[in-house]
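The sequence and structure are shown first.

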Amino acid sequence: MSDAKASRETEDGETEDGESEGGESAFTVIVAAAANLGIAVAKAVAGLISGSSAMLSEAAHSVADTVTEVMLLAALKRSEKPADEEHPLGYGPERYIWAMLASIATFVGGAVFSIYDGVHTLVAGEELGDPLVSYIVLGVAFLLEGYSLRTGVKQVRREASRLRVPDTYYLRHTPDTAVKAVVMEDSAALIGLLLAAGGLLGGQLSGSGVWDGIASCLIGLLLVYVAWVLGRSNAQLLIGRPLPAAVRASVRDELLSVPHVVDVLELTTLIQGPTEMLIAAKVDFRDMATAAEVEWACEEAEARLRERFPSIRRVYLDPTPGRAQRVRGGP
């Protein structure tokens, strides 16, 4: 039995929690996309009428957010495909590829344009028009972005409450990068709207377009930060991020509580998606345990782990001689 691998794989079907969370994330992204599309058109029109570079930067910001959310919807859809012969571990990581492309779209489509337009305004100046339309658009956009942000924050609070962790901790560490992107981008959008309003007001009071250019540059820098945070989060998940240390410790304790398990020699965990976790471990079983007892212990370990952590999809256990046995050179 020393050469046998007692590896067991869980079913590939979606859990009820996974379905509800995936559907909730999709709704959150759709709300954000619909809001940003309408806002982008309104900002562009207002920017052309008022001659405000900050408003045009905000229009680029909203266009970038809309493209981002379309990519996130594609990520949610494609990552839900079931495992097949070509992809035996499923398509979960594809979500992070599309989310990475979305962060690049935020950088290129929003940040680069905003900084360029702001610098151009500071160097060449601009002719200010009537800011009234821009103020109206900014007010309406603030309400729409606020509603979109509220939808994302509600989901974050529900998930954080279910996992019994602080909201900020969940937002930093969640593998659901779709809802993280929506919350961060909508938060940045609200700050950007305030910056654009400040640029318009400064230009109106001083008669100079410098304030508008500064606001545009600040909006661009804000988008650089958002793109960097989202890009880094998705890169970590694509490379392979383990479960948090506290969860790994709980997994180890759960394995050690199984009859005939003496020690967990090596534990590997991997996040494959928001509701897809993989567990692989080298386990030292009791020396006198029979082959049947080892097999049933593996089944019991899988059942306990899945009951405690519903997101665990795959459990692989490898019976391995303990350290003392390896030192002796065999049984």
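Axes are lines fitted to C-alpha atoms, for helices over the stretch in contact, and angles run from 0 to 180 degrees between N-to-C directions. Helices are DSSP runs of H or I with at least four residues, numbered from the N terminus. The model is predicted, so local features need pLDDT of at least 70 and side-chain atom pairs pLDDT 80 or more, whereas totals for chains, interfaces and linings use all residues. Residues are numbered from 1 along each chain as its sequence is written, and side-chain values use heavy atoms, without hydrogens and water.

| Pair | Axis distance | Angle |
|---|---|---|
| H4 (residues 132-163) and H6 (residues 177-206) | 9 Å | about 160 degrees |
| H2 (residues 53-79) and H3 (residues 94-124) | within 8 Å | roughly 175 degrees |

The angle makes H4 roughly antiparallel to H6 (over 145 degrees). Their crossing is left-handed, meaning that the near helix is turned anticlockwise from the far one by less than a right angle. The contact of H4 with H6 comprises 18 nonpolar, seven polar and two charged residues. Here Ala, Val, Leu, Ile, Met, Phe, Trp, Tyr, Cys and Pro count as nonpolar, Asp, Glu, Lys and Arg as charged, and the others, Gly among them, as polar.

H2 and H3 are likewise roughly antiparallel to each other. In the contact of H2 with H3, 15 residues are nonpolar, nine polar and four charged.

Val294 lies in helix H9 (residues 291-308). Val294 counts as buried because its relative accessibility is 5% (buried means under 20% relative accessible area, with a 1.4 Å probe and protein chains only). Its C-alpha atom is 7.2 Å from that of His260, 34 residues apart along the chain.

Technical notes. Helix = DSSP H or I, 4+ residues; strand = E, 2+ residues; numbered from the N terminus. Buried < 20%, exposed > 50% of the residue type's maximum accessible area, 1.4 Å probe, protein only. Parallel < 35°, antiparallel > 145°, perpendicular 65-115°, else oblique.
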